[in-house]
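Colleague: I would like to learn how to read a model like this one. Take me through it feature by feature.

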Amino acid sequence: MLSVNGVTKKYKNFLANDNLSFTIDNGEIGILLGPNGAGKSTIIKSIAGLLKYSGTIEINGLDNHDMEAKRQLGYIPEIPALYDTLTVEEHLEFIRRAYKVEDISVKEKLLERFELSDKRKKMGKELSKGMQQKVSICCALIHNPSVIIFDEPMVGLDPHAIKELKQVFQELKAEGKSVLISTHMIDTIEDYWDVAHIMMNGKIAATKHNRPGNPEDKSLDELFFEITEGTKA
Amino acid sequence: MVSATLYRKLNMAKRKPVAWIIVIVGIISAVSSVISADKITFHLYEGDEMMTFGILSALLLFAFDYSFAVGFRSGVLGYSLADVTFHMAGPFTKRFNLLLSFEYGLSSILVFFWILCVNMPFFSMWTGLGTKDSLVFLLFALIVSAVIFPLTSYVSARFSSGMKARLIPVLVLIALHFLGAFLFIRDLIGKYGSFENVKSLKSNVIFGELGQSRILRSFPVAGQFITLMEKALKGDLMFVPVLAAVLVVYGAVLILLYRKTKFDYYEDAYSNAQKIADIIEASKAGVEAVNTGISRTATVGNEKFDKGWGASAFFHMHLFENRRTSKLFFVNKVALVYRAFALLILFMVDGVVPDDLEAVVVLTGVVTMLVLNAIVFGGGKTVLEFNRPYIFLVPESSVRKLAMCLTADIPEMAFDALICTVMIKIVAFHEFTWFPMISFIILMITFDLLSSATGLLCVRLLGGFGKFAVMFVRYMAILALIVIGMIPSNIMAGLLVAVIADSMATALGIIILSMAAVYFLIWIAMIFLSRNILEKIDAF
């Protein structure tokens, strides 16, 4: 379970996140929607423990800087940050060793699952953006985290890879993991999400739960454009 | 196409007023340094013309080597991502784009000439070199660079495909130097009777012999210009038409090479552009490119990554990357250049200090090598870890992760320490025995680790203030650490020497080892404090 309480992040005079609070339960997929500069990546990086902030962020009840919390967190950055001269397989081996994962077979399973087996000997710098993203995802999943955060995971992926990634989201959800996805590509998220937070100017402007069949609910599209543009979609 | 490129470059220059100020200050300091050479009245070797010419000849050869290294290294492997996008994909010929690559090394060449200029008072104090002679030397150094720099850019384009091909010109040049050194020593042995006699020669005699050496005069390009420089320094005006003729021939050869060659370097330039982006990123953090261990070439072989657990995975991964990048990953080229400069200082000190005070030369060598660490070791590959999330995410203590990253540079540090040891040994052969030598190697590795940790702290704490602020504070901090470390180490050494030392060599070893112990303790303390750079500062 991921819990964000009253998180505020300032860059000098710029308020990137303003008192944000939300929760993603186990087996739930949360979406952070918003235009560029809304503060989505900032809160994602804060959850990953990469930024200083005020407020509290808990992963399964533990402060996100706690070693056990770090062990339970998987983070996929917006831009894959691979090591140029390590191969795909070596990336997974390095992360497996760094996270002290005893089970060697998990590496092979991930390579198979993400169709990277034939690319295992390719170096990070030789991979396309989509392939790099896949390696980045494998690195985030190899230690079997219970909370996984994705920062703009669809950017640069081809339609096949996007379809695959959506399948991964569903699998993670089915395994009871908490998944948080930041994106500005509203047309790619369809209906696999459970809760969507629409961000604007560092705040959560609206929260919508996915309850299909409720005729009074506005669609996510309508809500998004209403908030970000002040118009109806 | 020239005007479009000029427009872009001038616009970029306009946006850098600080760079212009630095350029103006640089020119003023260079000019005033050269002029002040005439005003220095204290000279260590008054009127030793042979030694003076020998030093200038060695420096001219150094200018040749430096220009070769810069031209070859930047050359076609220096293009930025923007250049690849706008120039290689744009309506420009391959020849024009190759000429564009001159720009990448030009700043390094200019900085090199600035260093030569501001050191002219130092050479004047040593040799009695006046302003006029300094200007003659600088003119010839400039000519050598002007000839070699475009030639090596051409060579870099011809030998761009693959690591092995790129090694050929470098190996040829290294082999030429070794052959030259061997023949020079053989000539000296022939003249002075034995190697023992040669070893006991003072540095001024060796430089004097070097200046007159037929071996040096035969060295390609640099040798011919050394001969011409001698004529110019002696006031023989015949050097003017000869120099003009030589330049015309070199110019014609260059034009012919550029016009007749079918270049095929775009793919290599493109694949290196991303690497250059990393280098620029590291450079913004105030770290010299070479010190980050960023390599432009790497190939997958049969090697297997199968070591490390927890934080130590970082240590083994860095070592693994280093080995894959180059078989000679432990050679720090920047360090070699600065160490060569330190050797020059040691020769000067050796020439002045009486034979029975060789320990002074050793201690000068130790301190000089330590001071140069302010430039040589600035954080290494660990700086690049800060561009990736893993060092922040992996659930291990920050102290361990940082220590593991830094210690992965120990092979490079050990090799550098070995080079420094050999250099001091060359100058202070008798007092620098096994015990002080081993102590010195330990001291250098310890202090290199400390310098790297200081570099990391500066990069993380002051990164937002720009490259120059980071570098300045780092230099000052390392110099301060040297002084701070000397106080307790001198007290410790004072006590131990009085009790244990039975010879000057043992005393030297104890002094050096005491320094190593103190710097090691400071390093441990600094790594402990540095954990906050992972835990308390925004990652990116």
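Colleague: How many residues of domain 1 of chain A are in contact with residues of domain 2 of chain A?

Modeller: First, the ground rules. This is a predicted model, where local features need pLDDT of at least 70, side-chain atom pairs count only at pLDDT 80 or more, and totals for chains, interfaces and linings use all residues. Residues are numbered from 1 along each chain as its sequence is written, while chains are lettered from A and ligands numbered from 1 in the order in which they are written. Now the term: two residues are in contact if their C-beta atoms, placed from the backbone, lie within 7 Å. Here, eight residues of domain 1 of chain A meet seven residues of domain 2 of chain A.

Colleague: Where do those two domains of chain A run?

Modeller: Domain bounds come from an automatic or database domain assignment. In chain A, domain 1 covers 1–72 + 145–233, and domain 2 covers 79–144. Their C-alpha centres are 24 Å apart. The side of domain 1 of chain A that touches domain 2 of chain A has five nonpolar, one polar and two charged residues. The classes: Ala, Val, Leu, Ile, Met, Phe, Trp, Tyr, Cys and Pro are nonpolar, Asp, Glu, Lys and Arg are charged, and the others, Gly among them, are polar.

Colleague: Next, the sheet. In what order do the four strands of chain A lie?

Modeller: Strands of a sheet pair through backbone hydrogen bonds, either parallel or antiparallel. Two strands pair if DSSP finds at least two bridges between them. Helices (H or I, at least four residues) and strands (E, at least two) are DSSP runs, numbered from the N terminus. In chain A, the order is E2-E1-E4-E5, in an open sheet with antiparallel pairing. Strand E2 (14–24) and strand E5 (62–63) of chain A are the edges, each pairing on one side only.

Colleague: Which residues does strand E1 of chain A span, and how many bridges join it to strand E4 of chain A?

Modeller: E1(A) spans residues 2–11, and five bridges join it to E4(A), residues 54–59. One landmark there is Leu2(A), opposite Ile59(A) in E4(A). E1(A) also pairs with E2(A), over seven bridges. In that pairing, Ser3(A) has Thr23(A) of E2(A) as its bridge partner. E1(A) and E2(A) form a hairpin with two residues between them. Look at Lys12(A) in the turn: its phi is positive, about 50°.

Colleague: What lies across E1, E2 and E4 of chain A?

Modeller: Helix H1 of chain A, residues 40–47, does, at about 120° to E1(A). Axes are lines fitted to C-alpha atoms, for helices over the stretch in contact, and angles run from 0 to 180 degrees between N-to-C directions.

Colleague: On to the interface. How many residues of chain A are in contact with chain B?

Modeller: The contact involves 27 residues of chain A and 26 residues of chain B. Helix H2 (67–71) and helix H3 (88–98) of chain A each supply at least two residues of the chain A side. H3(A) gives the largest share, five residues. By class, the chain A side has 13 nonpolar, four polar and ten charged residues.

Colleague: How many helices and strands does chain B have?

Modeller: Chain B has 26 helices and zero strands. Domain 1 of chain B is 46–271, and domain 2 is 306–535. Their C-alpha centres lie 30 Å apart. Five residues from each of these two domains of chain B make the contact.

Colleague: Is Glu209(B) buried or exposed, and why?

Modeller: A residue is buried if 20 or more other C-beta atoms lie within 10 Å of its own, exposed if 12 or fewer, and partly exposed in between, with C-beta atoms placed from the backbone. Glu209(B) is buried because it has 20 C-beta neighbours inside 10 Å. Glu209(B) sits in helix H11 of chain B, residues 203–212. Leaving out residues up to four places away in sequence, Glu209(B) touches Gly54(B) and Leu188(B). Buried residues make up 42% of the 540 residues in chain B.

Colleague: Where in chain B is confidence lowest?

Modeller: pLDDT is the predictor's confidence in each residue, from 0 to 100. In chain B, the lowest mean is 66, in helix H15 (residues 266–284), and the highest is 91, in helix H20 (residues 390–393). Chain B averages 81, and 88% of its residues score at least 70. The model scores ipTM 0.91 and pTM 0.74.
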